[in-house]
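Biologist: I am new to this structure, and I would like to learn how to read the way its parts pack together. Could we go through it step by step?

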Amino acid sequence: MPLQRPFRFGVNMFVPGSRREWSAKCRRAEELGFDVVGVADHLGFPAPFPAMVLAAEATERVRLTTFVLNTPFYNPALLARDVASTDQFVDGRMELGLGAGYVKAEFDTAEIPFPSGGKRVEQLERTVTTLRRMFADTEYRPRPAQPSGPPLLIAGWGDRLLRLAATHADIIAFPGGWASTTGDELHLAGVAQMEERVAYVRGLLGDRADAVELNILVQQVIPPAERSAMPDRFAPLPPDAAHSPEELPSVLIGTPAEMAQQLKERRERYGFTYFTVMEYNMENFAPVIDALR
């Protein structure tokens, strides 16, 4: 039986605003009991590294993460410099979240080639190994505050990416489903699909299973009054959740006490202990944190 970790809760920020608005949101997340403030990496959203530094200035306790970087946007050596500098400036509170990128339109806008999924995973692997190698070199400058660099989160769904994550990641993040080929639509995973993905990862982790944290991105936090609209919001639902959407691993439905129970069940069933919600669900989710603590 895998080691049962305590819960951690993150909120992924992405709404642009002024310095004052951004700082206030990050302070509010800390006040509400979140453990991690994440910054998404999409065009039209705040730039991750300066946003994290500003978040650190506004807070005292929360960890700060990129959730997650579109790794093909970045040169590995230049990314290492940004990561190390940011970890210094946030006093070692940084976690580094990486993904392979999936929204083709953003690559087109940035005039960056959009390779095949396999090529993007290869680039992610080159980036991970470059960062590990550079941070392991005691002569490397700038030095990250954390001796081996920030803990590494890798997010994804497919076999190849999860194999990479099982080899290198400190945290493996599941998006709760898989993106369409154009990246503009998410297909939510049902119970059986999520169980298969988690079992696949655990089989790859082997002796590392207890050392690696499992995260899931919660797509929606739905109070009881909105439950009836749930099927329309995510149609079509997976067959094993068509009549019980509260079973969807990446959705929470009900009162705070009911949602807290759902999280306990998902920790038991899948091993998820680190749950991240979207910024627009931050206030709705806060009572769930209170219920669990």
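This is a predicted model: local features need pLDDT of at least 70, side-chain atom pairs count only at pLDDT 80 or more; totals for chains, interfaces and linings use all residues.

Biologist: How do α6 and α7 cross, and within what distance do their axes come?

Modeller: The general idea is to compare the directions of the two axes. Here helix α6, residues 159-168, and helix α7, residues 191-205, have axes that come within 9 Å and cross at roughly 40°. That angle makes α6 oblique to α7, and the crossing of the two is right-handed.

Biologist: Which residues in α6 meet which residues in α7?

Modeller: On the α6 side they are Asp159, Leu162, Arg163 and Ala166, and these meet Arg197, Tyr200, Val201, Leu204 and Leu205 of α7.

Biologist: How many aromatic pairs does a search of the whole structure find, and how should I read one of them?

Modeller: The search finds 13 aromatic pairs. To read a pair, one looks at the ring centres and at the angle between the planes, where an angle over 60 degrees counts as edge-to-face. The rings of phenylalanine 9 and phenylalanine 285 have centres 5.6 Å apart and planes at 65°, so this pair is edge-to-face.

Biologist: Where do phenylalanine 9 and phenylalanine 285 lie, and are they buried or exposed?

Modeller: Phenylalanine 9 belongs to strand β1 (residues 8-13) and phenylalanine 285 to helix α10 (residues 282-292), so their pair ties together parts 276 residues apart in sequence. Both phenylalanine 9 and phenylalanine 285 are buried. Ring pairs also link Phe9 and Phe285 into a cluster with Phe7, Phe34, Phe174, Tyr270, Phe272 and Phe275.

Notes:
Residues are numbered from 1 along each chain as its sequence is written. Side-chain values use heavy atoms; hydrogens and water are left out. Axes are lines fitted to C-alpha atoms, for helices over the stretch in contact, and angles run from 0 to 180 degrees between N-to-C directions. Helices (H or I, at least four residues) and strands (E, at least two) are DSSP runs, numbered from the N terminus. Angles under 35 degrees count as roughly parallel, over 145 as roughly antiparallel, 65 to 115 as roughly perpendicular and the rest as oblique. A crossing is left-handed if the near helix is turned anticlockwise from the far one by less than a right angle, and right-handed if clockwise. Contact means heavy atoms within 4.5 Å. Rings of Phe, Tyr and Trp (its six-membered ring) pair if their centres lie within 6.5 Å; planes under 30 degrees apart count as stacked, over 60 as edge-to-face and the rest as tilted. Buried means under 20% relative accessible area, exposed over 50%, partly exposed in between (1.4 Å probe, protein chains only).
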